[in-house]
Amino acid sequence: MVTFGEAQKIFNRPFLELIHEAHSVHRLHHNPREIQISSLLSIQSGGCCEDCAYCAQSIRNKTKMPKQIIADMDVILASAKKAKAMGSSRFCMGTSGKTPGDELFALVCRVVVEVKKLGLETCLTMGMLKEDQIIKLKECGLDYYNHNVDTSPEYYGKIITTRTLEERIRTIERVHRHGIKVCTGGILGLGETIEDRIKMILLLANFGEHPESISINRLVKIPGTPLENAEDVDPFDFVRTIALARILMAKSAIRISAGREKMSDELQALCFLAGANSFFMGEKLLTVENSEFTRDLELMRRLDLHPIPCNG
Ligand code: DTB
């Protein structure tokens with residue numbers, strides 16, 4: 001177990017020494033020229049009964065996003081094929097809501113089977129799952145399940161009151177136990193302190209097994225949510241958080257997820273130097289615009305980064 005004091009000491013090291021250490025750890029376990037690319041599709045959006053203060057999809061926020069479902073397999077598969085053609089190796093799908101209903105769950109199971117036939121890895125984020133649902137997803141060949149811890153245990157109740165962090169952790173552990181890889185992480189810029197950020201990374205690092213994939217988001221301030229005017233994250237603190245995650249979870253993939261469209265190319269390069277080795281490519285994340293595809297291609301060219309190829 002890593003202690004808070006140990007993690008804080010790493011986080012507060014002189015910036016360049018921290019980056020050097022993080023990059024050295026990164027090179028021991030990863031090819032520094034390779035980047036894993038995922039694409040994201042929202043299969044069910046809006047109408048969510050949870051009250052996450054950052055989210056466009058909550059019925060409790062003033063965003064008023066009606067529930068919408070893409071029920072057409074061909075539309076979903078067209079999106080997956082497009083993702084593959086762009087260079088993605090993983091197709092991630094999200095559904096709004098605390099937990100998926102039976103019909104939606106059955107659809108997503110069929111989708112996982114079909115997307116896998118394209119040679120893509122699959123990842124889902126659908127909220128809390130029951131044991132039998134996890135078993136079914138494993139049978140369908142699901143590779144990853146995304147379930148974020150969002151923020152530190154201490155700050156959690158300021159952001160979400162309709163569920164507890166303990167419930168989230170139980171789902172993550174259950175998914176792992178059934179042999180599905182875990183993608184988890186959180187959001188920086190929710191008004192949390194630096195200590196909260198360190199505690200969030202520590203929480204991930206102290207799981208029984210390290211998550212295979214860590215998702216670090218920078219808040220996209222969505223008008224109509226309680227966090228629409230939240231304070232910006234200092235870019236170097238963002239990089240420090242990535243470096244800490246890399247040092248404490250040497251083998252995990254670390255994704256810079258939401259918020260990349262507002263980051264300069266130089267900041268993204270610094271994130272990669274500090275150990276990030278994955279991002280989302282494609283027009284959209286779940287509800288917001290993503291960084292432009294052409295800009296991302298150009299960035300990879302300028303930094304000599306290559307996408308990890310997919311299996312098919
Ligand atoms: C994660 O940590 N980030 C992704 C994924 N997991 C599901 C979602 C980003 C969403 C950004 C805001 C939006 O599109 O509404």
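**Close-up views of a predicted model**

Figure 1. An oxygen atom of the ligand is 2.8 Å from an N or O atom in the side chain of asparagine 148. The coordinates come from a predicted model. A polar side-chain atom of asparagine 217 also lies 2.8 Å from an oxygen atom of the ligand. Leucine 286 contributes through its backbone, where an N or O atom is placed 2.8 Å from a ligand oxygen. There are 13 residues around the ligand, and those that come nearest are Asn148, Ser215, Asn217, Leu286 and Thr287.

**Figure 2. The buried face of helix α10.** Helix α10 spans residues 265–273, and its buried residues are Asp265, Leu267, Gln268, Cys271 and Phe272. Viewed down the helix axis, these buried residues fall within an arc of 165°, so they line one face of α10. In an α-helix there are 3.6 residues a turn, so residues three or four places apart point the same way. The partners against which the buried residues of α10 pack are the strands β1 (34–45), β7 (213–218), β8 (253–256) and β9 (278–280), together with the helices α9 and α11 (293–303). After α10 comes glycine 275, which has a positive phi, near 120°.

**Figure 3. Leucine 248 in helix α9.** Leucine 248 belongs to helix α9, which covers residues 235–248. Its relative accessible area is 13%, so leucine 248 counts as buried. Beyond its neighbours within four places in sequence, leucine 248 is in contact with Val2, Ala7, Ile10, Ile201, Leu202, Ala205 and His210. One of these residues, alanine 205, is 43 residues away along the chain, yet the C-alpha atoms of leucine 248 and alanine 205 are separated by 6.1 Å.

Figure 4. Arginine 163 pairs with aspartate 150 in a salt bridge whose closest N and O atoms are 3.1 Å apart. Arginine 163 lies in the loop between α6 (156–159) and α7 (165–177), and aspartate 150 in the loop between β5 (144–146) and α6, so the pair ties together parts that are 13 residues apart in sequence. Both arginine 163 and aspartate 150 are buried. The two residues also take part in a network of salt bridges that links Glu50, Lys98, Asp150 and Arg163.

**Figure 5. Two further salt bridges.** The structure holds 17 salt bridges. In one of them, the side chains of arginine 260 and aspartate 296 meet at 2.9 Å, N to O. Arginine 260 lies in the loop between β8 and α10 and aspartate 296 in helix α11, so this pair ties together parts that are 36 residues apart in sequence. Arginine 260 is buried, as is aspartate 296. Another salt bridge joins arginine 13 to glutamate 17, with the closest N and O atoms 3.4 Å apart. Here arginine 13 is partly exposed, at a relative accessible area of 28%, and glutamate 17 is likewise partly exposed, at 41%.

**Figure 6. The nonpolar cores.** The largest nonpolar core has 91 residues, and Tyr54, Phe91, Leu124 and Phe238 have the most contacts inside it. Tyrosine 54, leaving aside its neighbours within four places in sequence, is in contact with residues including Ile159, Ile160, Ile187, Leu190, Leu219, Ile222 and Leu227.

Terms used. Residues numbered from 1 in each chain as written. Predicted model: local features only at pLDDT ≥ 70, side-chain atom pairs only at ≥ 80, totals over all residues. Heavy atoms only, no water. Helix = DSSP H or I, 4+ residues; strand = E, 2+ residues; numbered from the N terminus. Buried < 20%, exposed > 50% of the residue type's maximum accessible area, 1.4 Å probe, protein only. Contact = heavy atoms within 4.5 Å. Arc of directions from axis to C-beta. Salt bridge = Lys/Arg side-chain N within 4 Å of Asp/Glu carboxyl O. Core = buried A, V, L, I, M, F, W, Y, C linked by side-chain atoms within 4.5 Å. Near = heavy atom within 4 Å. Polar contact = N/O pair within 3.5 Å; in protein donor to acceptor, adjacent residues only side chain to side chain.
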